[in-house]
Amino acid sequence: MSDRGVLSSYDRKRPGVRRGLRVVNGALLAVLFTAGLGPVLWLAKAAVTPTQDTLRTPLALWPNGFDFANLATAWTRVEIDKYFLNTVLLAAGAWLVQLLVAMTAGFALSVLRPRYRKIVTAVVLATLFVPSVVLLVPLYLTITDLSLINSFWAVWLPAGANAFNILLVQRFLDGLPREVFEAARVDGAGPLRLFWSIVLPMSRPILGVVSVFAVIASWKDFLWPMLVLPDPSVQPLSVRLPALQRFVELDVFLAALAISTLIPVVLFLIFQRLFLNGGALGGAVKG
Amino acid sequence: MRGGGLSALLFLMPMLVVFTVFSWIPIGQTVLMSLQQTNLVTDPVFVGFDNFRTVLKDPLLWTAVRNTLWFAFLALIIGYPAPLVLAVLMNEVRKLRGLYSALAYLPVVVPPVVAVLLWKFFYDAGPHGMFNTVLGWFGFEPVSWLQDASIAMVSLVVEATWAAAGGTVIIYLAALTRVPPELYEAAELDGASVWRKVWHVTLPQLRGVLLITFILQIVGTAQVFLEPFLFTGGGPANQTTTILLLIYNYAFATSLGGDYGAATALSLMLAVVLAVLSALYFRLTRSWSTS
């Protein structure tokens, strides 16, 4: 970890560099503010602005009038509440399944270490190299065969087959001190006890990483839920929104978009460090 | 603690079941189905390489390949340098760094469907459309961002770049902290300017990460679906139909159960091309990436 970039501390003290740096940093902040926060703020504004205002002067900083009823209309009359609940349920189930699969598998492979662990790990990781498009059609037919169409399980169960999660958990558990496990074993703890009382509590950091990514990924998912949940009453927001656009007034529609954005943005603000440390992602990319 | 025996197997069970049913078997089925004629009513029939022939003869395939390559190329010149430039600049920021990173990352957490629908509104072709209003300030004519065949794809790439750049910025920022300060100091002793330091120290030091984000981007853009599907539906005149959109259309466009054979044949071809491309790429670049 270095505390300097391209510029040295000597450079930074020179008046010319200092002024230039201030201009560049200011411009950078302005660009990031406009491009990063701008659209989100705009959406927040548009959610409470009457349609005509949004259409006529999309870039007005302050709306002529507020129409907070948009949010209520979207929530109740357009039934965003229902789709919101579906989205939450889909995310919660996908999260639970991913956590269960990744933790038990990681525990078995890294802590119990059966003789065949290398083969199993290899077969799991191999799926990382198969583009997801290859799975699309056969997976859809599998879901049809299991009569899971329009069931949340159609989204929950396939979410568990995530090799990336297993890789993350396995790496984390490999880094834990094995003496602790041996000591527990000597004290008479069986595998279940070891898993529940020792390994799980020690895995909190990686559980957090897997959880946040699982929830965000589920919130973002579109193609798969669209395929396996054709019945509108079980669809999540992401699938329902494009269809709503056709028969809902613009201001209410934008309010619906704003509501859908709220949870991921709040999660991001709370768990900022998890996202921005780049630890999980950077480490994985570095390979 | 070796062997583990039965208990290890029990703990592996959830993973084995889920991966077998929802990953390993479907992967195998793709190969099988690409050689069969399958529909939901009658039993599948083996048809050899007929599906592949059908797909390769489809004139839309070559349109889709051309469009996908065009998308990948545009994403390369617009979307690949953007996060790198941002990250190098952000790495020089000393105050409020967290704010900069948070702002850069924010678009990544906006649900992709919301992002596309929002941008669809921004791309409104009328003179009061968001982007056209800005163009109007400078006296330009309104642009039909999504309806004009020559720029529709550019519009898609710009939105995709906006949506994805933040994630790559964070990866580059992490890599930048690992550049040894001594290298900059040595360059300074030789009187190197800022540009030369960026060119001769920063970029070479990032090459390992840059090589990986490059191939990840190629593999990602080859499978672009959401943007063409929601923005344009492949239009105007199939100018934004990508390979994945074509696969989707083969399999799911009709509610009667589509041409699963053609869809799996095409997805298999795409996967093989990507795998060969990645393997070649890593072989070719192995000598430069040792860092």
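How far apart do the end C-alpha atoms of residues 194-219 of chain A lie, and what percentage of the span is helix? Select that span in the viewer: the end C-alpha atoms are 33 Å apart, and the span is 96% helix and 0% strand. Helices here (H or I, at least four residues) and strands (E, at least two) are DSSP runs, numbered from the N terminus.

This is a predicted model, in which local features need pLDDT of at least 70, side-chain atom pairs count only at pLDDT 80 or more, and totals for chains, interfaces and linings use all residues. Residues are numbered from 1 along each chain as its sequence is written, while chains are lettered from A and ligands numbered from 1 in the order in which they are written.

**Chain A: annotated spans**

Select residues 21-44, 83-112, 119-141, 153-173, 194-219 and 252-271 of chain A, to which an unreviewed UniProt entry assigns the feature "transmembrane region". UniProt positions are given in the numbering used here, feature names are shortened, and annotations may be inferred rather than shown by experiment. One of these spans, residues 119-141 of chain A, is 74% helix and 0% strand, with its end C-alpha atoms 28 Å apart.

**Chain A: individual residues**

The phi of A:Arg113 is near 45°, a positive value in a residue other than glycine. Most residues other than glycine have a negative phi, and most peptide bonds are trans. A:Arg113 counts as partly exposed because 17 C-beta neighbours lie inside 10 Å. A residue is buried if 20 or more other C-beta atoms lie within 10 Å of its own, exposed if 12 or fewer, and partly exposed in between, with C-beta atoms placed from the backbone.

Now select A:Leu262, in helix α15 (residues 250-270) of chain A. A:Leu262 has 12 C-beta neighbours inside 10 Å and therefore counts as exposed.

Continue to A:Leu274, in helix α16 (residues 272-276) of chain A. Is A:Leu274 buried or partly exposed? A:Leu274 counts as partly exposed, since 18 C-beta neighbours lie inside 10 Å. Apart from neighbours within four places in sequence, A:Leu274 is in contact (C-beta atoms, placed from the backbone, within 7 Å) with A:Gly208, A:Val209 and A:Val212. A:Phe213 is 61 residues from A:Leu274 in sequence and 9.5 Å away in space, C-alpha to C-alpha.

**Between the chains**

Display both chains. The contact takes 80 residues from chain A and 81 residues from chain B. Helix α1 (residues 5-34) of chain B gives the largest share of the side of chain B that touches chain A, 16 residues. By class, that side of chain B has 62 nonpolar, 15 polar and four charged residues. Ala, Val, Leu, Ile, Met, Phe, Trp, Tyr, Cys and Pro count as nonpolar, Asp, Glu, Lys and Arg as charged, and the others, Gly among them, as polar.

**Chain B: overview**

The chain has 13 helices and two strands, and its C-alpha trace spans about 75 × 70 × 35 Å along the principal axes. Of the 291 residues in chain B, 41% are buried.

**Chain B: helix pairs**

Select helix α8 (residues 152-176) and helix α10 (residues 194-221) of chain B, which pack at an angle of about 160° with their axes 9 Å apart. The angle makes α8(B) roughly antiparallel (over 145 degrees) to α10(B). At this contact, B:Thr168, B:Ile171, B:Tyr172 and B:Ala175 in α8(B) meet B:Leu206, B:Val209 and B:Thr213 in α10(B). The contact has five nonpolar, two polar and no charged residues.

For a second pair, select helix α2 (residues 50-57) and helix α13 (residues 260-285) of chain B, packed at an angle of about 80° with their axes 8 Å apart. This angle makes α2(B) roughly perpendicular (65 to 115 degrees) to α13(B). Axes are lines fitted to C-alpha atoms, for helices over the stretch in contact, and angles run from 0 to 180 degrees between N-to-C directions. Here B:Asn51, B:Phe52, B:Thr54 and B:Val55 in α2(B) meet B:Gly261, B:Ala262, B:Ala265 and B:Leu266 in α13(B).

**Chain B: two loops**

Select B:Leu96, in the loop between α4 (81-90) and α5 (97-109) of chain B. The phi of B:Leu96 is near 60°, a positive value in a residue other than glycine.

Finish at B:Pro236, in the loop between α11 (226-232) and α12 (243-252) of chain B. A cis peptide bond joins B:Gly235 and B:Pro236, with omega about -10°.

Conventions:
Two residues are in contact if their C-beta atoms, placed from the backbone, lie within 7 Å. Angles under 35 degrees count as roughly parallel, over 145 as roughly antiparallel, 65 to 115 as roughly perpendicular and the rest as oblique.
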